[in-house]
Amino acid sequence: MFRRVLVANRGEIACRILKTCERLGLETVAVFSDADASALHVTLADQAVRLGAAPVKDSYLNVPALVAAIEATGADAVHPGYGLLSENADFASAVAAAGATFVGPTPAALATFGDKIAARSLARSAGAPPPPGSDGPVDVTDLERLRVEAERVGLPLLVKAAGGGGGIGMQIVRDWSELPKAAKTCSDRGRAAFADERVYLERYLDSPRHIEVQILCDSHGGAVALGERECSVQRRHQKIIEESPSPADFFEAEQGEARRRELWERALRIVRKAGYVGAGTVEFVADRSGDSFFLEVNARLQVEHPVTELCTGLDLVELQLRIAAGEALPRAVLSPTFTGHAVEVRLYAEDPARQFVPQPGIVSRLSWPEGLPGVRIDAGILEGSEVTPYYDPLLAKLIAHGSTRQEALSRLLGALNATQLELVGPKGPRRTNKDFLIAILRDSRFTSGQYDTGLAETLARG
């Protein structure tokens with residue numbers, strides 16, 4: 001096992017990783033920007049290194065500063081968390097060049113799955129086809145060829161950035177008149193966010209369900225699927241509620257369990273085809289009948305990993321570290337036991353009534369519920385913390401586990417109702433999405449399990 005782990009991230013995920021490292025007896029290094037000098041993750045680590053000014057390009061995306069921190073502290077492992085540089089092949093190579101181990105897949109695997117066009121091709125060759133779409137990038141400046149390709153795919157369709165992720169560089173096109181602008185916008189966003197202006201087209205499934213499979217692969221040939229997560233409650237194509245197992249009716253019907261196991265096997269075929277090592281998530285979209293299509297591989301730890309941990313009793317961060325250290329997955333992991341049901345909500349400083357606009361401010365009041373059975377809270381804030389406009393406004397995740405879905409939902413609602421959280425800005429109180437999350441959990445479409453990716457934005461519109 002490693003001696004000293006540098007966590008190349010911030011917020012709740014940095015805190016969550018640091019806690020596992022502490023439990024394992026590993027020394028830890030936090031990194032921070034000027035805006036995060038007094039952040040919770042900084043106080044939890046054994047030592048902390050300043051990266052630069054508040055903007056992410058000057059701090060958490062500053063590879064030379066991160067490499068300097070690795071070398072200055074003697075860290076022998078780097079955990080990237082999620083987002084930021086977690087799926088950046090160049091950063092993984094830079095970590096290795098600095099003499100440390102990147103806790104994640106190889107640079108080659110990151111490059112393959114970071115290119116969504118290449119990933120579609122690999123999945124197709126593994127017998128897990130994506131939705132119908134273009135076989136390669138489309139030229140957004142050639143409007144005639146763009147229209148011809150779009151007609152072949154059919155409406156409605158998605159324009160997607162080849163290097164995209166997290167809903168960035170993706171737009172739905174329902175009318176031909178929307179196509180030129182959508183293609184250019186996605187190309188521009190891909191260039192700005194991922195230095196990749198290529199886009200492709202993909203058939204959009206109306207009323208889809210977003211279902212993903214958590215996988216683990218070691219360097220000794222061991223691989224396992226740790227169940228699926230339902231991630232269909234989204235706003236702006238980004239998840240805000242996740243649960244495991246999926247309550248979709250096509251998993252409950254006759255042959256439902258066989259359908260579930262086939263989805264897990266598809267996920268494993270894809271990552272095995274790529275020679276994948278580490279933790280990852282294979283994402284699928286399913287239509288109303290339950291037919292599923294490959295979307296992408298998130299070659300990292302997911303925000304929603306706690307629901308899998310609560311249903312399996314495993315610590316995915318610990319397993320990531322052990323895999324990176326060259327250990328084989330133990331039998332207990334390769335033959336997991338699944339227990340009960342878990343649901344997670346993401347608590348954001350944002351206003352659902354105003355198209356989820358971020359609400360930066362100071363956490364003026366904070367009290368988490370204590371002692372509630374089956375409830376876990378992964379937080380990155382304290383009372384007095386500043387939520388700045390520089391980063392994603394995720395404050396915390398509340399997760400509840402129960403023997404049944406109904407029990408898990410009841411426990412989660414109890415935890416949310418007991419949470420006291422207030423934000424204040426220069427002009428007065430700021431909003432969070434807490435009440436909106438409660439409204440979703442109580443909505444009949446959600447409680448029945450009969451929901452799709454349109455639920456959250458439908459409720460937000462009133």
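1. Helix H8, which spans residues 179-194, contains 16 residues. From its first C-alpha to its last it reaches 22 Å, close to the 22 Å expected at 1.5 Å a residue. The structure under discussion is a predicted model, and the remarks below should be read accordingly.

2. Several residues of H8 are buried, namely Leu179, Ala182, Ala183, Thr185, Cys186, Ser187 and Gly190. What covers these buried residues includes helix H7 (143-153) together with strands E6, E7 and E8. Just after H8, Ala195 adopts a positive phi of about 55 degrees.

3. The strands E6, E7 and E8 call for a description of their own. They form an open sheet of three strands in the order E7-E6-E8, and the pairing is antiparallel. Strand E7 (168-173) and strand E8 stand at the edges; each has a single partner strand, so one side of each lacks a neighbour in the sheet. From one strand to the next, the twist averages 25 degrees.

4. Within this sheet, strand E6 (residues 157-165) and E8 run antiparallel and are joined by five bridges. Ala161 stands opposite Val199 in E8.

5. The side chains of Glu202 and Arg120 meet at 2.8 Å, N to O. This pair links distant parts of the chain, with Glu202 in strand E8 (residues 199-203) and Arg120 in helix H6 (residues 116-125), 82 residues apart. Are the two partners buried or exposed? Glu202 counts as buried because its relative accessibility is 1%, and Arg120 likewise counts as buried, at 2%.

6. A second salt bridge joins the side chains of Arg198 and Asp196, with an N to O distance of 2.9 Å. Here Arg198 has 28% relative accessibility and therefore counts as partly exposed, whereas Asp196 is buried, with a relative accessible area of 15%.

7. Asp378 is buried, its relative accessible area being 8%. Salt bridges that share partners join Arg376 and Asp378 into one network with Arg16, Arg23, Glu309, Asp315, Glu318, Arg322 and Glu327. In the structure as a whole, a search finds 45 salt bridges.

8. The axes of helix H4 (residues 89-97) and helix H5 (residues 107-114) come within 8 Å and cross at roughly 170 degrees. H4 and H5 are therefore roughly antiparallel to each other, since angles over 145 degrees count as such. Ala89, Ala92 and Ser93 of H4 make the contact with Pro107, Leu110 and Ala111 of H5.

Notes:
Residues are numbered from 1 along each chain as its sequence is written. This is a predicted model: local features need pLDDT of at least 70, side-chain atom pairs count only at pLDDT 80 or more; totals for chains, interfaces and linings use all residues. Side-chain values use heavy atoms; hydrogens and water are left out. A salt bridge is a side-chain nitrogen of Lys or Arg within 4 Å of a carboxyl oxygen of Asp or Glu. Helices (H or I, at least four residues) and strands (E, at least two) are DSSP runs, numbered from the N terminus. Buried means under 20% relative accessible area, exposed over 50%, partly exposed in between (1.4 Å probe, protein chains only). Two strands pair if DSSP finds at least two bridges between them. Axes are lines fitted to C-alpha atoms, for helices over the stretch in contact, and angles run from 0 to 180 degrees between N-to-C directions. The expected span of a helix is 1.5 Å times one less than its number of residues. Contact means heavy atoms within 4.5 Å. Angles under 35 degrees count as roughly parallel, over 145 as roughly antiparallel, 65 to 115 as roughly perpendicular and the rest as oblique.
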